[in-house]
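Here are some notes for a colleague who will be reading this entry alongside the coordinates. Please go through them with the structure open.

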Amino acid sequence: MGVSISCKNNVVTACIDGDIDHHTAKDIREKVDSYIVRTSPKLLILDFKEVQFMDTSGIGLIMGRFKYMKSVNGKMKVENIPKRLERMMKLSGIGKLGII
């Protein structure tokens with residue numbers, strides 16, 4: 001598991017690799033939040049292209065970053081969601097937020 005983060009034109013992109021579960025979500029959250037604090041982006045993109053597995057901790061990770069970005073007048077998107085994770089995200093209500 002890992003996350004690589006970059007910033008270009010006031011957009012932070014966090015590419016998550018591997019599994020998101022209760023063991024890894026905290027580390028991802030801390031790294032992404034720290035980067036957001038340092039760069040104050042207008043948009044945060046969570047790229048799920050390389051995510052192999054996600055439990056409900058991933059939903060919490062997404063919702064927490066969405067609320068955080070909203071609190072600092074920013075926006076968020078989740079991109080490249082693997083087919084195997086789409087249903088879980090839609091059932092969780094994330095689809096109604098307009099970020100996927």
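The numbered points below concern a predicted model, and they move from the core to one helix and then to single residues.

1. The largest nonpolar core comprises 27 residues, and those with the most contacts inside it are Ile-20, Phe-48, Ile-62, Met-76 and Val-78. At least two residues of this core come from each of strand S2 (11-20), helix H1 (25-39), strand S3 (43-54), helix H2 (56-71), strand S4 (75-79) and helix H3 (83-92).

2. Val-78 may be taken as an example from this core: leaving aside neighbours within four places in sequence, Val-78 is in contact with Leu-46, Phe-48, Ile-62, Met-89, Ile-99 and Ile-100.

3. The length of H1 agrees with expectation, because 15 residues at 1.5 Å a residue should span 21 Å and the end C-alpha atoms of H1 are 21 Å apart. Just after H1, Ser-40 takes a positive phi of about 45°.

4. Ala-25, Ile-28, Val-32, Asp-33, Tyr-35 and Ile-36 are the buried residues of H1; they cover an arc of only 160° around the axis, which puts them on the same side of the helix. These buried residues pack against strand S1 (2-8), S2, S3 and H2, whereas Val-37 and Arg-38, on the other side of H1, are exposed.

5. Phe-66 is found in helix H2 and, because its relative accessibility is 17%, under the 20% cut-off, counts as buried. Not counting residues up to four places away in sequence, Phe-66 touches Met-76, Leu-97 and Ile-99. The C-alpha atoms of Phe-66 and Lys-77, which are 11 residues apart along the chain, are separated by 8.4 Å.

Technical notes: Residues are numbered from 1 along each chain as its sequence is written. This is a predicted model: local features need pLDDT of at least 70, side-chain atom pairs count only at pLDDT 80 or more; totals for chains, interfaces and linings use all residues. Side-chain values use heavy atoms; hydrogens and water are left out. A nonpolar core is a set of buried Ala, Val, Leu, Ile, Met, Phe, Trp, Tyr and Cys residues joined through side-chain atoms within 4.5 Å. Buried means under 20% relative accessible area, exposed over 50%, partly exposed in between (1.4 Å probe, protein chains only). Helices (H or I, at least four residues) and strands (E, at least two) are DSSP runs, numbered from the N terminus. Contact means heavy atoms within 4.5 Å. The expected span of a helix is 1.5 Å times one less than its number of residues. The arc is that of the directions from the helix axis to the C-beta atoms.
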